[in-house]
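Q: Please walk me through reading the features of this model. Take them one by one.

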Amino acid sequence: MNISRFDHENYTDFELLSSEDLALFRQAKYYTSELIYAQNIKFIILKSGQAKLSYINGTNEFIINFINKGSIVLIDSDSVFGVFKRF
């Protein structure tokens with residue numbers, strides 16, 4: 001298990017979730033340069049790839065964190081999830 005600069009854990013082999021648990025979530029593939037916005041809270045489990053979580057205020061982007069596989073992320077209406085390596 002790896003720790004990020006915010007001390008949130010990355011689960012490289014998803015030891016906390018069984019295959020049956022993971023199957024309960026809707027699965028989607030996103031492509032490089034794709035931006036994901038959420039009107040309501042969106043829960044993402046990153047099984048592969050890399051992305052960044054940002055907050056946009058007007059024309060300014062504030063990067064919250066770079067996300068790697070094994071991360072669990074919540075996106076709300078004020079944040080943007082940008083894919084820079086396909087997952």
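**Reading the features**

A: Start at Ser71, which lies in the loop between strand E6 (60–68) and E7. Strands here are DSSP runs of E, at least two residues, numbered from the N terminus. This is a predicted model: local features need pLDDT of at least 70, side-chain atom pairs count only at pLDDT 80 or more, and totals for chains, interfaces and linings use all residues. Residues are numbered from 1 along each chain as its sequence is written, and side-chain values use heavy atoms, with hydrogens and water left out.

Q: Is Ser71 buried or exposed?

A: Buried means under 20% relative accessible area, exposed over 50%, partly exposed in between (1.4 Å probe, protein chains only). Ser71 has 1%, so Ser71 is buried. Its side chain reaches the backbone oxygen of Asn68 at 2.9 Å.

Q: How many salt bridges does the structure hold?

A: Side chains of opposite charge can pair when their charged atoms come close. The cut-off is a side-chain nitrogen of Lys or Arg within 4 Å of a carboxyl oxygen of Asp or Glu. The structure holds one. Lys52 and Glu61 form it, at 3.1 Å, N to O. Lys52 is partly exposed at 24%, and Glu61 is partly exposed at 41%.

Q: Which residues make up the largest nonpolar core?

A: In soluble globular proteins, nonpolar side chains tend to be buried together. A core joins buried Ala, Val, Leu, Ile, Met, Phe, Trp, Tyr and Cys through side-chain atoms within 4.5 Å. The largest has twelve residues, including Tyr30, Ile67 and Phe81. Strands E5 (50–57), E7 (72–75) and E8 (79–85) each give two or more.

Key
Helices (H or I, at least four residues) and strands (E, at least two) are DSSP runs, numbered from the N terminus. A polar contact is a pair of N or O atoms within 3.5 Å; within protein, one must be able to donate a hydrogen and the other to accept it, and residues adjacent in sequence count only if both atoms are side-chain atoms.
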